[in-house]
Amino acid sequence: KSYIYDTRYVGTTSDIIKRLKEHNHGKVRYTKGRKPWRLIYKEEFNTKTEARKRELFLKTGQGRKFLDNITH
């Protein structure tokens, strides 16, 4: 979640620490203008396919409600 803006970023990665650093160093176009970012929630999956499926769900209205409920 952006510290300054009330926005969330949902994505997949195999190295969450490296990816968060990329976001906070402005290396990701989508998140560049909304830094700094902090990790508020993570899930782990055995396959990229499972992770991508969950990412797509979390970007739906129902998925956003789920995240709202666990992060507030």
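Start with the largest pocket: select helices H1 and H3 (48-58), each of which supplies at least two residues of its lining. Helices here are DSSP runs of H or I with at least four residues, numbered from the N terminus. The model is predicted, so local features need pLDDT of at least 70 and side-chain atom pairs count only at pLDDT 80 or more, while totals for chains, interfaces and linings use all residues. Residues are numbered from 1 along each chain as its sequence is written, and side-chain values use heavy atoms, with hydrogens and water left out.

**The pocket**

Select Gly11, Thr12, Thr13, Ile16 and Glu43, which lie nearest the centre of the largest pocket among its 30 lining residues. H3 gives the largest share of the lining, 6 residues. The volume of the largest pocket is about 880 Å³. A pocket is an open set of points on a 1 Å grid over the protein atoms alone, where a 1.4 Å probe fits, with protein on both sides within 12 Å along at least five of seven lines; lining residues have an atom within 4 Å of a point.

**Glu43 and Arg54**

Glu43 is in the loop between H2 and H3 and Arg54 in helix H3, so the pair ties together parts 11 residues apart in sequence. Glu43 is partly exposed at 26% relative accessibility, and Arg54 is partly exposed at 22%. Buried means under 20% relative accessible area, exposed over 50%, and partly exposed in between, with a 1.4 Å probe and protein chains only.

**Arg8 and Asp68**

Next select Asp68 and Arg8, a salt bridge whose closest N and O atoms are 2.8 Å apart. Asp68 belongs to helix H4 (residues 61-71) and Arg8 to the segment before H1, so this pair ties together parts 60 residues apart in sequence.

**Within H1**

Move to Arg19 and Glu22, whose closest N and O atoms are 3.1 Å apart in a salt bridge. Both lie in helix H1, 3 residues apart, about one turn of the helix.

Ser14 is in the segment before H1 and is exposed, with a relative accessible area of 83%. Its C-alpha atom is 9.9 Å from that of Ala51, 37 residues apart along the chain.

Finish at Pro36, in the loop between helix H2 (29-32) and H3. The peptide bond from Lys35 to Pro36 is cis, with omega near 5°. Most peptide bonds are trans.

Methods: Points joined across faces, edges and corners; volume = space filled by probe spheres on them. Salt bridge = Lys/Arg side-chain N within 4 Å of Asp/Glu carboxyl O.
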